[in-house]
Amino acid sequence: MNAPHYPEPTWMRISGRKTPFYTRPLLGSELFDDRTSVLLDGMTDACVGFTFQSLYAADEVKQRARNAFARLRFSCPIIATNIVGDVSGPIPRSWVYAPVQSLSELTRWTDDAFCIVQHDLNVDAFVEETSQRRLPYQPQNASPIWFRCYLLLGSNNKHGLYFHGPHAIMDGGPTLNAFALMLQWMTNDVIEPAENLPWGTEWHNLPLGPVGATGGPREDWDIAGIELLKQLSDSEAVHTIPLTVRPLRMSQSAVGKTCRLERALDPTLTRRLVNKTRITGCSMSHLFEAAYCMVLLARNQLPPSVWDAYHFPGNSSAISLIPHLKLPYDTKTHFISSRSHIPIQISMAEISPIVSPRRQLLQLTQAIEQRYARFATHPCMPHVQAARAYQPDALPERPNFESSVNNVGPMERRLPLSWKGRHTAEPVIELESVLFSVRLTSLTPIIHIWTMNGSLHVQIQANDAWPKADLQDLLDAICSRVCLVLEDFSQNPPGHPSDPPLSERSNFDVRKSFKSCLIIFLGDCASIILVTTRFLVPDNQTFFRPRQ
């Protein structure tokens, strides 16, 4: 078992040519994300952004956004780095950054990296086109551009602001922090022009690696850290068959093209779900992960004789390092991939196939929560990814990519939705919607969930080998199973046993029939109260109304 780099490589100045530059190897999740992108044809390269209403005229929006993006390079110079090296070589690829030497150089870079799209606001078409582009951009007579900002100018003062870049930079939390910086500068009437910043010194803002940023080496790594790595390795050893999902019909038209669908639950239903997850002691991430597992079980239609031969490869186990950053490190400008992954496998041998759907949902959620908690609270956890990056078997030539549930959380905790100017009583910029898109070259769908203005948003995306109708069925099935947590079994009709406590296991015989149900619609969702008559229910039955 390898330890993280102690001491961790830091930025090194390379001289001997006209312009000095700074370099360090990719570390931790940066290395994993870059390797995934290189080996899987741009897999997980990200396009993220917001639509917004503005009181500013279009020309002023352009000027403010361009200045803010130039300032972002000063505070987060990683957006102007190059990535060099051979992904299959014996040493990791490296970041390379050349400080700005003149204002004309800054202007040329901004011209290449900040783009204005002037037409009616068609976000879906823009994102679909952008996701099919392989990074980096290659402008004429200039260094490669790995990170680009797009300003989409629409009509009626409605516009869009989007980043397109590698996941090695664009983790969820750091990306939203970068948007917060840009919006802060865009709405600050006294902010100085980016040209006045002390260019040439911005390299000091290049991000530390995951070990340095989280407080340095762990004193007990040689014992506790190595034991943690062993436990993680044992946990992800595959002894059974993973549950998977594939489209019923496949017809991929373009590499990198994605199909993306979103469902928004009304605030009342959202509050009920949030409150119920707190009562049951689970997180929204793991509730959706459990619901997704139930959909896989329904689609695979496992007979009882092989049930125990399968497992669910959960992947809501990405742990952000941002809460673990140590002062005086500035979390708002730490714009780089920063997370650890812990493997979660749930053997179907632990899950009863014959309990009520709600009971099965809670069994799965509890199993996921227990696996997660076992590792997430370990003091050496922030350095796990840094250490595993250098294990011989950590980065296979064709890395596996499992489905994932990514919980962004309440958007308002990440950044304000309304931004006021210095001399205005009403907001000059109001964020209306957010979009998370990644380039997908495998058949594995990805789920993002977040709340915004009190509504829970559930977004699913997959490459366009998935017909839209199939992906819609998958989204509806996941959401309907999530809402099983809302059922109140204390009010069951006479003769139907209440759900047993979460710690109990059912010993009933396996049955292929299901009990009939009374469906009560609540907003976009349906609660299901079981009654006693038996009949067969199709596995793909869903109880959601389409969003209007």
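Let's start with Ser-94, which sits in strand β5 (residues 94–97). Keep in mind that this is a predicted model. Is Ser-94 buried or exposed? Its relative accessible area is 17%, and buried means under 20%, so Ser-94 counts as buried. Leaving out neighbours within four places in sequence, Ser-94 is in contact with Thr-23, Arg-24, Pro-25 and Leu-26, and also with Asn-82, Ile-83 and Val-84.

Now for the nonpolar cores. The largest one has 83 residues. Which residues have the most contacts inside it? They are Phe-69, Leu-72, Trp-95, Phe-163, Phe-335, Met-411 and Leu-431. Helix α5 (residues 172–186) gives the largest share of this core, with 9 residues. Phe-335 is a handy one to click on: not counting residues up to four places away in sequence, Phe-335 touches Cys-76, Ile-78, Ile-79, Phe-147, Phe-163, Ile-169, Met-170, Pro-174, Thr-175 and Ala-178.

| Helix pair | Angle | Axis separation |
|---|---|---|
| α9 (residues 284–300) and α10 (residues 357–376) | about 125° | 8 Å |
| α9 and α13 (residues 468–482) | about 120° | 8 Å |

Take α10 to begin with. The crossing of α9 past α10 is right-handed. On the α9 side, the residues that meet α10 are His-286, Leu-287, Glu-289, Ala-290, Ala-291, Cys-293, Met-294 and Leu-297. They face Pro-357, Gln-360, Leu-361, Leu-364, Thr-365, Ile-368, Glu-369 and Tyr-372 in α10. By class, this contact of α9 with α10 splits into 11 nonpolar, 3 polar and 2 charged residues.

Then there's α13. Here too the helices, α9 and α13, are oblique to each other, and their crossing is right-handed. From α9, the contact uses Leu-287, Phe-288, Ala-291, Tyr-292, Met-294, Val-295, Ala-298 and Arg-299. From α13 come Asp-470, Asp-473, Leu-474, Ala-477, Ile-478, Arg-481 and Val-482. How many charged residues does the contact of α9 with α13 have? There are 4, alongside 11 nonpolar and no polar residues.

Terms used: Residues are numbered from 1 along each chain as its sequence is written. This is a predicted model: local features need pLDDT of at least 70, side-chain atom pairs count only at pLDDT 80 or more; totals for chains, interfaces and linings use all residues. Side-chain values use heavy atoms; hydrogens and water are left out. Axes are lines fitted to C-alpha atoms, for helices over the stretch in contact, and angles run from 0 to 180 degrees between N-to-C directions. Helices (H or I, at least four residues) and strands (E, at least two) are DSSP runs, numbered from the N terminus. A crossing is left-handed if the near helix is turned anticlockwise from the far one by less than a right angle, and right-handed if clockwise. Contact means heavy atoms within 4.5 Å. Ala, Val, Leu, Ile, Met, Phe, Trp, Tyr, Cys and Pro count as nonpolar, Asp, Glu, Lys and Arg as charged, and the others, Gly among them, as polar. Angles under 35 degrees count as roughly parallel, over 145 as roughly antiparallel, 65 to 115 as roughly perpendicular and the rest as oblique. A nonpolar core is a set of buried Ala, Val, Leu, Ile, Met, Phe, Trp, Tyr and Cys residues joined through side-chain atoms within 4.5 Å. Buried means under 20% relative accessible area, exposed over 50%, partly exposed in between (1.4 Å probe, protein chains only).
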